[in-house]
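Take a first look at the chain below.

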Amino acid sequence: MNTPTETLRDEHVLILRALDLLETAAARVERGLATPEGWWADVIAWLRGFADRNHHAKEERALFPAMARAGVPAEAGGPIAVMQEEHGQGRALLQVVADGEARPRVVAARRYIDLLRNHIEKENEVLFPLADDLLDRAAQDALGREFATVTAEMGRHASLEHAAAALQALVTGLAGSPDAAGTR
């Protein structure tokens with residue numbers, strides 16, 4: 001069975017794939033190429049559902065509080081506060097992507113991509129190893145139970161298999177769209 005941080009790392013792999021796809025779509029828009037009708041709404045829904053309501057919920061509701069109880073600074077400027085602030089920045093940028101016309105959408109998408117890639121690197125390379133070192137077996141088990149609660153609340157949308165299939169449908173949809181001028 002995966003440790004809580006292994007679960008989060010596995011989710012990061014899928015989120016990074018989604019960021020690659022978002023980058024491809026942004027490049028298409030910059031070249032004046034179309035995206036399929038509804039594609040942007042679908043990718044935003046995927047990011048909000050899997051990356052935010054599932055993945056970030058596990059961090060914010062379970063991992064970060066457990067780390068704070070173990071002595072990791074949670075106040076402003078501390079690692080936990082920085083991670084939470086970046087989650088908020090990502091949500092704000094994703095809203096611009098959702099609301100934006102072609103140019104503002106692309107600018108916000110690229111900022112979101114950069115933010116999340118850097119954020120994931122910090123978590124994978126610094127925060128998660130720290131959590132693995134600090135949290136004893138009982139704390140790890142409690143995290144696992146809390147992650148299971150988040151997963152149960154999300155239902156099938158929280159599973160890696162479902163999220164991967166939904167992401168693949170987005171990849172296929174974008175790849176199959178005509179290379180006509182204009183964006184949607």
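In which helix does Val-82 lie? Val-82 is part of helix α3, residues 79–99. Helices (H or I, at least four residues) and strands (E, at least two) are DSSP runs, numbered from the N terminus.

A word on the ground rules. This is a predicted model, where local features need pLDDT of at least 70 and side-chain atom pairs count only at pLDDT 80 or more, while totals for chains, interfaces and linings use all residues. Residues are numbered from 1 along each chain as its sequence is written, and side-chain values use heavy atoms, with hydrogens and water left out.

How confident is the prediction? The pLDDT is the predictor's confidence in each residue, from 0 to 100. Its mean over the chain is 92, and 96% of the residues reach 70 or more. Over residues 180–184 the pLDDT is below 50. Beyond near neighbours in sequence, that stretch has 17 contacts in the model. Contact means heavy atoms within 4.5 Å.

Back to Val-82. Its relative accessibility is 29%, so Val-82 counts as partly exposed. The scale runs as follows: buried is under 20% relative accessible area, exposed is over 50%, and partly exposed is in between (1.4 Å probe, protein chains only). Leaving out residues up to four places away in sequence, Val-82 touches Gly-77 and Lys-122. Thr-7 is 75 residues from Val-82 in sequence and 21 Å from it in space, C-alpha to C-alpha.

Now turn to helix α1. Its 27 residues should span 39 Å at 1.5 Å a residue, and its end C-alpha atoms are 39 Å apart, which agrees. The expected span is 1.5 Å times one less than the number of residues. After α1 comes Gly-32, with a positive phi near 80 degrees.

Helix α1 (residues 4–30) also meets helix α5 (residues 137–154): their axes come within 9 Å and cross at roughly 45 degrees. That angle makes α1 oblique to α5. Axes are lines fitted to C-alpha atoms, for helices over the stretch in contact, and angles run from 0 to 180 degrees between N-to-C directions. Under 35 degrees is roughly parallel, over 145 roughly antiparallel, 65 to 115 roughly perpendicular, and the rest oblique. On the α1 side, the contact is made by Pro-4, Thr-7 and Leu-8. On the α5 side stand Gln-140, Leu-143, Gly-144 and Phe-147. These residues divide into 4 nonpolar, 3 polar and no charged. Here Ala, Val, Leu, Ile, Met, Phe, Trp, Tyr, Cys and Pro count as nonpolar, Asp, Glu, Lys and Arg as charged, and the others, Gly among them, as polar.

Next comes Leu-47, in helix α2 (residues 39–69). Is Leu-47 buried or exposed? Leu-47 is buried, at a relative accessible area of 0%. Not counting residues up to four places away in sequence, Leu-47 touches Ala-18, Leu-22, Asp-52, Leu-94 and Tyr-112.

Two more stops remain. Gly-100 lies in the loop between α3 and α4 (102–134). At 13% relative accessibility, Gly-100 counts as buried. Ala-164 sits in helix α6 (residues 160–175). With a relative accessible area of 25%, Ala-164 is partly exposed. Ala-164 and Glu-11 are 153 residues apart in sequence, yet 9.8 Å apart in space, C-alpha to C-alpha.
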